[in-house]
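User: Can you walk me through this model? Keep it quick, I'll ask as we go.
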Amino acid sequence: IGINAAEAQAIQWGEKRSIAEVELTQEDVVIQYLPSAGQEAESDGFITIVLDTALTPELVREGLAREVINRLQTQRKESGFAIGDRIQVRVHATGEVRKALEEHGAWVAEETLAPQGLEFLDAPEGDLRAWELPDQQVVHLGVTKLAGRARV
């Protein structure tokens with residue numbers, strides 16, 4: 001029998017309720033919370049936590065920016081740069097990846113130690129490395145170590 005949240009809570013707190021002309025008590029029922037689409041729920045006694053797991057366009061773009069940070073950090077490491085080396089980042093991206101980097105570019109630059117920000121290119125140049133991102137999206141990245149001493 002499906003009941004609403006208020007009735008379930010009343011029964012859970014020990015009150016008697018009549019549903020379909022049958023009187024129910026706490027011992028008579030098992031209360032199970034079913035999350036809606038795009039939600040996850042977990043209960044422990046009288047506490048239920050519900051998380052909204054729906055991906056908004058904003059969250060998707062933030063996730064793409066995180067993916068680009070990951071690729072830039074890998075590219076830094078593979079290039080043999082020291083942890084504190086400052087870099088110049090050149091980027092060619094289109095579509096949602098471009099939107100994500102325009103929206104989160106300052107954060108990407110900060111996380112990857114690129115004090116000059118991201119330099120967007122209209123076309124991928126020969127020395128840029130192509131990286132595949134989720135949903136078959138591609139970003140082309142170039143990193144160059146800036147002159148000066150590394151800071152740790």
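User: Start with the open sheet of 4 strands. What's the strand order?
Analyst: This is a predicted model. The order in the open sheet is β6-β5-β8-β7, and the pairing is mixed.

User: Which are the edge strands?
Analyst: β6 and β7. Each of them pairs on one side only. Ignoring direction, neighbouring strands in this sheet are turned by 35° against each other on average.

User: β5 and β6: parallel or antiparallel?
Analyst: Parallel, over 3 bridges. R90 has E119 in β6 as its bridge partner.

User: And what about β7 and β8, parallel or antiparallel?
Analyst: Antiparallel, with 5 bridges joining them. They form a hairpin that has 3 residues between the strands. L133 has Q137 in β8 as its bridge partner.

User: OK, helices. What does α2 lie across?
Analyst: α2 lies across β5, β7 and β8. Its angle to β7 is about 140°.

User: Which strands does α3 lie across?
Analyst: β5, β6, β7 and β8. α3 runs at about 155° to β6.

User: Now the largest nonpolar core. How many residues does it have, and which touch the most other members?
Analyst: It has 22 residues. V68, V89, V91, V97, L101, V108 and V139 touch the most other members. At least two residues of this core come from each of α2 (57–78), β5 (87–93), α3 (95–111), β7 (129–133) and β8 (137–145).

User: Why would those side chains group like that?
Analyst: In soluble globular proteins, nonpolar side chains tend to be buried together.

User: Zoom in on V108. What is it in contact with?
Analyst: A65, V68, I69, L72, L101 and L118. That leaves aside neighbours within four places in sequence.

User: There's a histidine, H104. Where is it, and is it buried or exposed?
Analyst: H104 is in helix α3. H104 is buried, at 16% relative accessible area, because the cut-off for buried is under 20%. Not counting residues up to four places away in sequence, H104 touches R61, E62 and A65.

User: Switching to charges. How many salt bridges?
Analyst: The count comes to 9. One of them pairs D127 with R90, with the closest N and O atoms 2.8 Å apart. D127 lies in the loop between β6 (118–120) and β7, while R90 is in strand β5, so this pair ties together parts that are 37 residues apart in sequence.

User: Is R90 buried or exposed?
Analyst: Buried, with a relative accessible area of 10%.

User: Now α1. Which residues are buried there?
Analyst: A8, A10, I11 and Q12, in a helix that covers residues 5–12. The buried residues of α1 pack against β1 (17–19).

User: Overall picture, then. How many helices and strands?
Analyst: 3 helices and 8 strands. From the N terminus on, the elements run α-β-β-β-β-α-β-α-β-β-β.

User: What's the radius of gyration?
Analyst: 26 Å, whereas a compact globule of 152 residues would have one near 15 Å. The C-alpha atoms fill a box of roughly 80 × 35 × 20 Å along the principal axes.

User: What share of the residues is buried?
Analyst: 30% of the 152 residues count as buried. As for contacts between residues at least 6 apart in sequence, 62% join residues at least 24 apart.

Terms used:
Residues are numbered from 1 along each chain as its sequence is written. This is a predicted model: local features need pLDDT of at least 70, side-chain atom pairs count only at pLDDT 80 or more; totals for chains, interfaces and linings use all residues. Side-chain values use heavy atoms; hydrogens and water are left out. A nonpolar core is a set of buried Ala, Val, Leu, Ile, Met, Phe, Trp, Tyr and Cys residues joined through side-chain atoms within 4.5 Å. Buried means under 20% relative accessible area, exposed over 50%, partly exposed in between (1.4 Å probe, protein chains only). Contact means heavy atoms within 4.5 Å. Two strands pair if DSSP finds at least two bridges between them. A salt bridge is a side-chain nitrogen of Lys or Arg within 4 Å of a carboxyl oxygen of Asp or Glu. Axes are lines fitted to C-alpha atoms, for helices over the stretch in contact, and angles run from 0 to 180 degrees between N-to-C directions. The radius of gyration is taken over C-alpha atoms; the globule rule is 2.2 Å times the number of residues to the power 0.38.
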